Amino acid sequence: MIRIGRIVNTIKPAENGKYGAQIVKVALNDYRYELTAYAKKLNELEFWVEVMASLLGIELGLPIPEPIAAVDENNDVWFASVDMKYPDLTRRLSTANPQAYTQLIHKIANWSEIQKAIQFDEWIANDDRNAGNILYDGGNQFYLIDHNRAMRLPFAPDAPIRNVLLNIRLATIKKEDDVGRQRLKQQLHMTLQSFDSELPTAIAKRIIDVNNKTESQLLADIVEF
């Protein structure tokens, strides 16, 4: 469930941030300490798409920072996520060093969560996956952020999806390796079959149960998508 907090201090603009994103300190309502978060001001639809996508991914076991509804001094609500302290891939994906670039691409393609992440992006219709919304710890772990442009807003379910993570995975399989491509297809199908189709409904219900002021029709539209 999404926790609620109040923005008590704005530290600085977020690097590579869109939507006027800021690094802030948030005091959570149910905790006595403050935490650092990445916050961006979205319209209501984008806010709930981001919330639902984040909660879905977390429920699926993907490494996605915890979402927070952060209220500023004007009582405007920002979407915030806990700062993971790791840079995004824009700092590391440089073609100036072809060997390092290739190594990192292979690391992403062989990431332990790559199949689940590919199907997650497909499920939420997210073709906005890019170097700026993948965090990297410098070892073997990646974190997924920024999903407010998912779901083909304002909901166009039949539009084609450019699945960036799938393309990265395919790029590491030789074109002539038909067996490898077939194996990947089977693996992705099995991963998708493991997703609970009722999960979006369950998450939306929990949100509404906790806060009956939530725009239930927006959540219903997201679930229907």
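Set aside the neighbours within four places in sequence, and Asp146 is in contact with Tyr38, Lys40, Glu50, Gly132 and Asn133. One of these partners, Lys40, also makes a polar contact with Asp146, side chain to side chain, at 2.9 Å. The model here is a predicted one. In it, Asp146 sits in the loop that runs between strand E7 (142-144) and helix H4 (164-171).

Next, the chain as a whole. The protein chain has 7 helices and 7 strands, and read along the sequence these come in the pattern β-β-β-α-β-β-α-α-β-β-α-α-α-α. With a radius of gyration of 18 Å, close to the 17 Å that the globule rule gives for 225 residues, the protein chain is as compact as a globular protein of that length. Its C-alpha trace spans about 60 × 40 × 30 Å along the principal axes. Some 44% of the 225 residues count as buried. Of the contacts between residues at least 6 apart in sequence, 63% join residues at least 24 apart.

Then there is the helix pair H6 and H7. Helix H6 (residues 199-210) packs with helix H7 (residues 216-224) at an angle of about 170°, the axes lying 9 Å apart. The two helices are therefore roughly antiparallel to each other. On the H6 side the contact involves Pro200, Thr201, Ala204, Ile207 and Ile208, which meet Ser216, Leu219 and Val223 in H7. By type, the residues of this contact come to 6 nonpolar and 2 polar, with no charged ones.

Terms used:
Residues are numbered from 1 along each chain as its sequence is written. This is a predicted model: local features need pLDDT of at least 70, side-chain atom pairs count only at pLDDT 80 or more; totals for chains, interfaces and linings use all residues. Side-chain values use heavy atoms; hydrogens and water are left out. Helices (H or I, at least four residues) and strands (E, at least two) are DSSP runs, numbered from the N terminus. A polar contact is a pair of N or O atoms within 3.5 Å; within protein, one must be able to donate a hydrogen and the other to accept it, and residues adjacent in sequence count only if both atoms are side-chain atoms. Contact means heavy atoms within 4.5 Å. Axes are lines fitted to C-alpha atoms, for helices over the stretch in contact, and angles run from 0 to 180 degrees between N-to-C directions. Angles under 35 degrees count as roughly parallel, over 145 as roughly antiparallel, 65 to 115 as roughly perpendicular and the rest as oblique. Ala, Val, Leu, Ile, Met, Phe, Trp, Tyr, Cys and Pro count as nonpolar, Asp, Glu, Lys and Arg as charged, and the others, Gly among them, as polar. The radius of gyration is taken over C-alpha atoms; the globule rule is 2.2 Å times the number of residues to the power 0.38. Buried means under 20% relative accessible area, exposed over 50%, partly exposed in between (1.4 Å probe, protein chains only).
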